[in-house]
Amino acid sequence: MKGIVLAGGSGTRLYPLTHAVSKQLLPVYNKPMIYYPLSVLMLGGIKDILVISTPSHTGLFRELLGDGSRLGLSIEYAEQPRANGIAEAFVIGEKFIGDDSVALILGDNIFHGPGLSDLLSDHCKNVDGCVLFGYAVKDPERYGVGETDGRGELISLEEKPARPRSNLAVTGLYLYDNGVVDIARDIRPSARGELEITDVNRVYLQQGRARMVDLGRGFAWLDTGTHDSLLQAGQYIQVLEERQGVRIACLEEIAFRMGFIDSAACYALGGQLGTSEYGAYLMAIASADH
């Protein structure tokens, strides 16, 4: 499975913070925002990743992440000149996806919870159709909402419904088989001029090949599209890291734990970060492995 992080858009709701920098490069506590969606793909065992951003910001992501080889990954880059919708990612990334299945995650979404790696690994295998991830919210009328039967099969999908049929919001993590490329290419722009991901999902729903996984109460799903939600996400990460003594979305540690790099490489990456607490943490976990 290939992975795509969609890190485009202008982030106007976060002005003036995003006037000169991509939203996905802003800090969420002690790491750039894009580390969090990248970590989700890595926890799913995905090593081939495409980062899609705007022409003015792509170079900044390339400087931050490089080609991914230091993490045992292969990271490529592509540009989305205008905000033409989430589903355009599959058109832009068609050559990158090739004949593989693909996971798409939005660059401002944060997922955290017990067993996340196992959950993702299980669902990333042999995808037939699409797999969405639902999260219970108190105000589902603000989101795309999915309704499932007792087996997790998706039976309805509504966009910001006045009377939601469930309280499961569709999160910004999507898994698809290779057919998504043709589906995305064939859908037409919506009234707002965008290729809507909901239209892609509806095609799979009509084919009877759409599932939705309820993330459950033990998980946290956060987005960072407003000043308040950005601050709340940072505070959430801070509390967990301070209480547990571990790092969330630490890409180097995940690469080490997943077997993408060895302990020596992890230690060296920590050493390259100078006197930072982040670097010291990496060196400590790499040393503990010996």
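Let's start at Glu-196, which sits in the loop that links α6 (180–186) with α7 (197–206). Keep in mind as you look around that this is a predicted model. Is Glu-196 buried or exposed? Its relative accessible area is 16%, and because buried means under 20%, Glu-196 counts as buried. Leaving aside residues up to four places away in sequence, Glu-196 touches Ala-87, Ile-187 and Ser-190.

Next, have a look at strand β11, which spans residues 168–176 and is mostly covered, with nine of its nine residues buried.

| Strand | Residues | Bridges to β11 | Direction relative to β11 |
|---|---|---|---|
| β6 | 102–106 | four bridges | antiparallel |
| β8 | 130–136 | six bridges | antiparallel |

You can pick out individual partners too: Ala-103 has Leu-175 in β11 as its bridge partner, while Tyr-135 stands opposite Ala-169 of β11.

The largest nonpolar core has 53 residues, and the members that touch the most others are Ile-34, Ile-49, Val-51, Leu-65, Phe-111 and Phe-133. Helix α1 (residues 35–43) gives the most to this core, contributing six residues. Apart from this core lies another one, of 32 residues, including Leu-50, Leu-106, Leu-154 and Ile-187.

Finally, which residues does Ile-34 touch, not counting residues up to four places away in sequence? They are Val-5, Ala-7, Gln-24, Val-51, Phe-61, Leu-64, Leu-65 and Gly-107.

Conventions
Residues are numbered from 1 along each chain as its sequence is written. This is a predicted model: local features need pLDDT of at least 70, side-chain atom pairs count only at pLDDT 80 or more; totals for chains, interfaces and linings use all residues. Side-chain values use heavy atoms; hydrogens and water are left out. Buried means under 20% relative accessible area, exposed over 50%, partly exposed in between (1.4 Å probe, protein chains only). Helices (H or I, at least four residues) and strands (E, at least two) are DSSP runs, numbered from the N terminus. Two strands pair if DSSP finds at least two bridges between them. Contact means heavy atoms within 4.5 Å. A nonpolar core is a set of buried Ala, Val, Leu, Ile, Met, Phe, Trp, Tyr and Cys residues joined through side-chain atoms within 4.5 Å.
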